[in-house]
Amino acid sequence: MLALAMVAAGATAQRQAKAPEPTIEENIAAYRFDAAATQLKKVIATLKRQRKPTEAKEQQLRRVEHLSSLLDATQRVVFIDSMVVAKRDFIEHIGIHGESGEITSYARTFRTADSLGCTVFQPELGNSVIFACPKSDSTAHLCTATLYAGTYSEPLPLPGLEGDSTQNYPFMRADGLTLYFGAVDEEDGLGGYDIYAAGWDMDDRTFRQPENLGFPFNSPFNDYMLAIDEVNNLGWFVSDRYQPADTVCIYTFIPPKMRRNWVDTGFGQNVTLAGLARISSIADTQTSEEEVLAAQERLAKSREGVRTVERKHLFTFVMGEGDLRHDIGDFRRPEAQKLAKEWYDAHITLQAYDQQLATLRRQYATADNAKRAQMRANILSVEREQEQLLAKQKERENEIRKAEQ
């Protein structure tokens, strides 16, 4: 009996044992910044006693204290929907109205390979673009270019935003005065990519100092893009917080008419400020059922109308049965994009050969015998070049399929 009692007591003690203390990273991910700061201070004290470097932990402590200081400034935003998609495809799921512009890819716009996933914003008028321009050091910076007779001008950096930080995912509001974009800024950022807003100064013709949007749009994770549909009064922003690798969550929200913080307006009894900051539940942000239902109806209509006009296919490349690619940007792997660009250039050359041969054959049909003798050699030469290029195209097509798979 005594042995059984001891076993039972041991089992009870095990059940009552405390769960392991969350790590610093787990506390940061859960927005328990004060707890993470306390842990970091203990770690720093230990390192100092052991005469070990503390710089990395002190830098992390400054970041955590910065995150903690921003919680009270969490903006009141009402979210109505969220969806998880592959990161490479997320721009296809942001259904802004055409009057608010168009978001597309760098590879699709400039018909060239791009391994960085750079995006392009084109205003409704369509005579210019704002885009992330890839640089040789595997970073990107925001630029603009003007469209002249179907050709884009040389890219120019956006005035006021020339810096060293990596920039991508631009979106300009319809008034042309507010630019949203994602950037990696080690000093001002909350973690990875953050979303910034920069206002246009009409007098100085430059963008003002960008403002970090803070919580809930930014987080200790990567937050990429924010876009506003002025027509349907809807907003989208993209984040990889709490998502598997290579996937993102697209949150849909009602754009606030003016900035207000949750601490100033109040929130539900069982809702925490940290939960609102990290968007742990979109239902917790909804304070008016009528407002949410109206926004969800607008969202449903916008999804019905999105991409109703199919973009013109640049070409048709058959990857396999039922798997067609129509643009360089449709290929996912950089090597496949590079080969597809070469294939497309050759495709244009083959079309030129077809036109040249058609013209030569028409002229041959009406020429006299002496002229035909001169033209025959020219036609045979063009045909040989065409056959050689066709054979090379077949090889390149197989290379593309292999690189993409």
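Predicted model: local features only at pLDDT ≥ 70, side-chain atom pairs only at ≥ 80, totals over all residues.

Q: At what angle do α9 and α10 pack, and how far apart are their axes?

A: Helix α9 spans residues 334-366 and helix α10 spans residues 369-404; the angle between them is about 160° and their axes lie 9 Å apart. An angle over 145 degrees counts as roughly antiparallel, and α9 and α10 are therefore described as roughly antiparallel to each other. In the contact of α9 with α10, the residues comprise 18 nonpolar, seven polar and twelve charged.

Q: How are α3 and α4 arranged, parallel or antiparallel?

A: Helix α3 (residues 33-49) packs against helix α4 (residues 55-70) at about 160°, with the axes 9 Å apart. That angle makes α3 roughly antiparallel to α4. The crossing of α3 past α4 is left-handed.

Q: How many aromatic pairs does the structure hold, and how is the geometry of a pair read?

A: The structure holds 24 aromatic pairs. One reads the distance between ring centres together with the angle between ring planes; planes over 60 degrees apart count as edge-to-face, and those under 30 degrees as stacked. The pair of Y106 and F131 is tilted, with 6.1 Å centre to centre and 40° between the planes. This pair links distant parts of the chain, since Y106 belongs to helix α5 (residues 106-110) and F131 to strand β4 (residues 128-134), 25 residues apart. Y106 and F131 are both buried.

Q: What class does the pair of Y169 and Y224 fall into, and why?

A: The ring centres of Y169 and Y224 are 5.3 Å apart and the planes stand at 70°, so the pair is edge-to-face. Here too distant parts of the chain are linked: Y169 is in strand β8 (residues 166-172) and Y224 in strand β13 (residues 223-229), 55 residues apart. Y169 counts as buried at 2% relative accessibility, and Y224 is buried with a relative accessible area of 5%.

Q: Which charged residue sits over the ring of Y224?

A: The charged end of K87 does, 4.8 Å from the centre of the Y224 ring. The charged end of R372 likewise sits over a ring, that of Y364, at 5.0 Å from its centre.

Q: Which residues form an aromatic cluster?

A: One aromatic cluster is formed by F79, F217, F237, Y251 and F253.

Q: Where do Y31 and R111 lie, and what are their phi values?

A: Y31, in the loop between α2 (24-29) and α3, has a positive phi near 65°. R111, in the loop between α5 and β3, has a positive phi near 55°. At 3% relative accessibility Y31 counts as buried, whereas R111, at 30%, counts as partly exposed.

Q: Is L125 buried or exposed?

A: L125 is exposed, with a relative accessible area of 74%. Its place is in the loop between β3 (119-122) and β4.

Key: Residues numbered from 1 in each chain as written. Heavy atoms only, no water. Axes fitted to C-alpha atoms, helices over the stretch in contact; angles between N-to-C directions. Helix = DSSP H or I, 4+ residues; strand = E, 2+ residues; numbered from the N terminus. Parallel < 35°, antiparallel > 145°, perpendicular 65-115°, else oblique. Nonpolar A, V, L, I, M, F, W, Y, C, P; charged D, E, K, R; others polar. Phe/Tyr/Trp six-rings, centres within 6.5 Å; stacked < 30°, edge-to-face > 60°. Buried < 20%, exposed > 50% of the residue type's maximum accessible area, 1.4 Å probe, protein only. Lys NZ or Arg CZ within 6 Å of the ring centre and 35° of its normal. Left-handed = near helix turned anticlockwise from the far one by under 90°.
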